[in-house]
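I opened this model to look up its strand pairing, its nonpolar core and its salt bridges. My entries follow.

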Amino acid sequence: MNEATTTITLADGTALNVDLDGVKTIGNVINKINSHADNAGKATAALVDNRLVLTDATTGSGTLSVASLSNGIAAQVLGLDASATGNVITGKSLSGGLNSVLLRNLLGGAGVGTLGEISLTDRA
């Protein structure tokens, strides 16, 4: 496994190790998840309102979750480092809008750390 490998764990215990190495678009990410050899329709990925949404069609005592492997940050960059609500993970927004950057993507995906206060001064 490499830093670009993300594991999607389903309620029935199925673990999908999705290798995202070389993936260039969100469409490619969705395709990699939906066409994974061990998936067979157990989980679906879609882009909804600028967020990746994973839906788990399995049943079991487990919880849908996404984790990066090998100290990677793929799950975080994709906004999938969120908790499931029922059988769905709704990821965080993938972009902040035109000409903007999400704080979580700064410093190579490390973000800005602990959030605090900022001070703005009007110099007009």
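**Strand pairing**

I started with Thr 9 and found that its bridge partner in S2 is Ala 15. Helices (H or I, at least four residues) and strands (E, at least two) are DSSP runs, numbered from the N terminus. This is a predicted model, where local features need pLDDT of at least 70, side-chain atom pairs count only at pLDDT 80 or more, and totals for chains, interfaces and linings use all residues. Residues are numbered from 1 along each chain as its sequence is written, and side-chain values use heavy atoms, with hydrogens and water left out.

I then looked at how S1 and S2 are joined. They run antiparallel, with five bridges between them. Two strands count as paired if DSSP finds at least two bridges between them. I traced an open sheet of three strands in the order S2-S1-S5, with antiparallel pairing. S2 and strand S5 (65-68) are the edge strands, and each pairs on one side only.

**Nonpolar core**

Which residues touch the most other members of the largest nonpolar core? I noted Ile 8, Leu 20, Ile 33, Leu 52, Leu 54, Val 66 and Leu 80, out of 21 residues in that core. Such a core is a set of buried Ala, Val, Leu, Ile, Met, Phe, Trp, Tyr and Cys residues joined through side-chain atoms within 4.5 Å. Buried means under 20% relative accessible area, exposed over 50%, partly exposed in between (1.4 Å probe, protein chains only).

I listed the elements that give two or more residues to this core: strand S2 (15-19), helix H1 (26-34), strand S3 (43-48), strand S4 (51-56) and helix H2 (74-77). H1 gives the most, with three residues.

I also checked Leu 52, leaving aside its neighbours within four places in sequence. Its contacts (heavy atoms within 4.5 Å) include Ile 26, Val 29, Ile 30, Leu 80 and Leu 94.

**Salt bridges**

I looked for a side-chain nitrogen of Lys or Arg within 4 Å of a carboxyl oxygen of Asp or Glu. The count came to two salt bridges.

One joins the side chains of Asp 12 and Lys 42 (4.0 Å, N to O). Asp 12 is in the loop between strand S1 (5-9) and S2, and Lys 42 is in the loop between H1 and S3, so the pair ties together parts that are 30 residues apart in sequence. Asp 12 is partly exposed at 36% relative accessibility, and Lys 42 is partly exposed at 28%.

Asp 81 and Lys 92 also meet through their side chains in a salt bridge (3.0 Å, N to O). Asp 81 is in the loop between H2 and strand S6 (88-90), and Lys 92 is in the loop between S6 and helix H3 (106-109), eleven residues apart.
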